[in-house]
Amino acid sequence: MIDLNTATAEEFDAIDGLRGHGFEIVRYREERGHFTSLRQLDEVPGLAGKTDGVGAHVSVEGS
């Protein structure tokens with residue numbers, strides 16, 4: 001389980017469903033601030049509607 005607010009791009013890329021989007025997730029977090037819910041992943045460019053099932057691998061903790 002990795003935290004959306006502390007994980008690296010490489011850690012995101014190691015998860016099926018997020019592979020290839022690690023850079024965009026980290027950039028989104030740096031530009032808009034910490035994630036407050038898993039649903040915000042749908043706002044990351046290229047991930048809208050593609051995040052089903054990733055909740056078993058990611059959490060929202062650190063802020």
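Analyst: Before we start, one term: contact means heavy atoms within 4.5 Å. This is a predicted model, so local features need pLDDT of at least 70, side-chain atom pairs count only at pLDDT 80 or more, and totals for chains, interfaces and linings use all residues. Residues are numbered from 1 along each chain as its sequence is written, and side-chain values use heavy atoms, with hydrogens and water left out.

User: Got it. How many helices and strands are in the protein chain?

Analyst: Two helices and two strands. Along the sequence they come in the pattern β-α-α-β. Both kinds of element are DSSP runs, numbered from the N terminus: helices are H or I with at least four residues, strands are E with at least two.

User: Why call the chain as compact as a globular protein of its length?

Analyst: Because its radius of gyration is 10 Å, close to the 11 Å that the globule rule gives for 63 residues. That radius is taken over C-alpha atoms, and the rule is 2.2 Å times the number of residues to the power 0.38. The C-alpha trace spans about 25 × 20 × 20 Å along its principal axes.

User: What share of the residues is buried?

Analyst: Buried residues are 38% of the 63. Buried means under 20% relative accessible area, exposed means over 50%, and partly exposed is in between (1.4 Å probe, protein chains only).

User: And what about the accessible surface?

Analyst: About 3,800 Å² for the protein chain. Carbon and sulfur atoms hold 48% of that. The areas come from the Shrake-Rupley method with a 1.4 Å probe, and for residues only the protein chains shown count as cover.

User: Take me inside. Which residues have the most contacts in the largest nonpolar core?

Analyst: F12, L18, I25, F35, L41, V44 and V58. The core has 16 residues. By definition it is a set of buried Ala, Val, Leu, Ile, Met, Phe, Trp, Tyr and Cys residues joined through side-chain atoms within 4.5 Å.

User: Which elements give two or more residues to it?

Analyst: α1 (9-13) and α2 (22-32). The most come from α2, with three residues.

User: What does V44 touch?

Analyst: E24, I25, Y28 and F35. That leaves aside neighbours within four places in sequence.

User: Back to α2. Which of its residues are buried?

Analyst: G22, I25, V26, Y28 and R29. Down the helix axis they fall within an arc of 155°, so they line one face of α2. The arc is that of the directions from the helix axis to the C-beta atoms.

User: What do they pack against?

Analyst: Against α1.

User: And which exposed residues are on the face turned away?

Analyst: F23, E30, E31 and R32. After the helix comes G33, whose phi is positive, near 95°.

User: G22 again. What is its relative accessibility?

Analyst: 0%, so G22 counts as buried. G22 touches A9, F12 and D13, not counting residues up to four places away in sequence.

User: Where is H21?

Analyst: In the loop between α1 and α2. H21 counts as buried, because its relative accessibility is 18%. Beyond four places in sequence, H21 touches D13, P45, G46 and L47.

User: D16: buried or exposed?

Analyst: Exposed, at 56% relative accessibility. D16 is also in the loop between α1 and α2. A polar contact of 2.7 Å joins its side chain to that of R19. A polar contact is a pair of N or O atoms within 3.5 Å; within protein, one must be able to donate a hydrogen and the other to accept it, and residues adjacent in sequence count only if both atoms are side-chain atoms.

User: New spot. Where is T51?

Analyst: In the loop between α2 and β2 (58-59). T51 is buried, at 12% relative accessible area. Its side chain makes a polar contact of 3.0 Å with the side chain of D42. T51 also touches L41, again setting aside residues up to four places away.

User: What is K50 in contact with?

Analyst: G17 and D42, leaving aside neighbours within four places in sequence. K50 lies in the loop between α2 and β2. A polar atom of its side chain lies 3.4 Å from the backbone oxygen of G46.
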